[in-house]
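Open your viewer, get the sequence panel ready, and let's take a walk through this one together. At each stop you'll hear what to select and what is there.

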Amino acid sequence: MDCIFCKIIAGEIPCFKLHEDDETLAFMDINPANEGHALVIPKEHSTDVHAISESAIAATVLTAKKIASAIQETLGPDGINLVQCNGPGAAQSVLHFHMHVLPRREGDELKLNWGLKPGDMDAIGALAERVRAKL
Ligand code: 5GP
Ligand code: ZN
């Protein structure tokens, strides 16, 4: 299957991994909307909220909670959005269910459908190490 997130799960594409368990994987987004932007995905492939199994979405949300707390401890943002997009009208670009863990700063004026800007890979990798230390 030609799914970029399935390839990350299989280790065919590298990622800055934060956490892995039997059902989920968490890693840094390489086009961070804000510093510390991470993704949580189920290992079981499904496209969106309509297709995903109850057990996979439950596991994904539980991992997102862990990652959000570790990011909160690491960066001390003013808030965190858990965002999840379904379909083209919601700007879903990768058709494998995922949750964004998105640290927010007061006044950052981040909008939904924030667009993709490549991040600094050295900085993202270093931050991944700091977040992992809090897990
Ligand atoms: P969506 O727009 O579908 O809600 O979010 C997809 C996210 O996946 C985007 O934030 C994008 O930056 C991220 N993304 C796409 N390809 C890759 C990749 O190869 N590696 C990582 N780490 N993130 C990716
Ligand atoms: Zn997939």
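## Stop 1: the end of a helix

Start by selecting Gly76, which comes just after helix α2 and takes a positive phi of about 55°.

A bit of housekeeping before moving on. This is a predicted model, where local features need pLDDT of at least 70 and side-chain atom pairs count only at pLDDT 80 or more, while totals for chains, interfaces and linings use all residues. Residues are numbered from 1 along each chain as its sequence is written, chains are lettered from A and ligands numbered from 1 in the order in which they are written, and side-chain values use heavy atoms, leaving out hydrogens and water.

## Stop 2: along α2

Now select residues 54-75, which make up α2. With 22 residues at 1.5 Å a residue, α2 should span 32 Å, and its end C-alpha atoms are 31 Å apart, which agrees. (The expected span is 1.5 Å times one less than the number of residues.)

Which residues of α2 are buried? Colour Ala56, Ala59, Thr60, Thr63, Ala64, Ile67, Ala68, Ala70, Ile71, Thr74 and Leu75. Here "buried" means under 20% relative accessible area, "exposed" means over 50%, and "partly exposed" is in between, using a 1.4 Å probe and protein chains only. Then bring up the partners: the buried residues of α2 pack against β1, β2, β3, β4 (79-83), β5 (99-104) and α3.

## Stop 3: where two helices cross

The axes are lines fitted to C-alpha atoms over the stretch in contact, and angles run from 0 to 180 degrees between N-to-C directions.

Show side chains at the crossing: Ala70, Ile71, Thr74 and Leu75 from α2 meet Leu127, Arg130 and Val131 from α3. Contact means heavy atoms within 4.5 Å. By type, the residues here are five nonpolar, one polar and one charged. In that scheme Ala, Val, Leu, Ile, Met, Phe, Trp, Tyr, Cys and Pro are nonpolar, Asp, Glu, Lys and Arg are charged, and the others, Gly among them, are polar.

## Stop 4: the two sides of α3

Keep α3 on screen: its 12 residues reach 16 Å from first C-alpha to last, close to the 16 Å expected at 1.5 Å a residue. Colour its buried residues, Ile124, Gly125, Leu127, Ala128 and Val131. Look down the axis of α3 and these fall within an arc of 165°, so they line one face of the helix; the arc is that of the directions from the axis to the C-beta atoms. They pack against β1 (17-20), β2 (24-28) and α2. Turn to the other side of α3 and you'll find Asp122 and Glu129, both exposed.

## Stop 5: into the loops

Select Ser46, in the loop between β3 (38-42) and α2. Is it buried or exposed? Ser46 is buried, at 7% relative accessible area. Leaving out residues up to four places away in sequence, Ser46 touches Ala51, Ile52, Leu95, His96 and Phe97.

Ala91, in the loop between β4 and β5, has a phi of about 65° and is partly exposed at 37% relative accessibility. Asn113, in the loop between β5 and α3, has a phi of about 60° and is partly exposed at 49%. For background, most residues other than glycine have a negative phi.

## Stop 6: a strand, then one more loop

Pick Leu82 in strand β4, partly exposed at 43%. Its C-alpha atom is 5.5 Å from that of His100, 18 residues apart along the chain. Beyond its neighbours within four places in sequence, Leu82 is in contact with Ala64, Ala68, Met99, His100 and Val101.

Finish at Asp21, in the loop between β1 and β2. Asp21 is partly exposed at 25% relative accessibility, and touches Lys43 and Thr63, again not counting residues up to four places away in sequence.

Key: Helix = DSSP H or I, 4+ residues; strand = E, 2+ residues; numbered from the N terminus.
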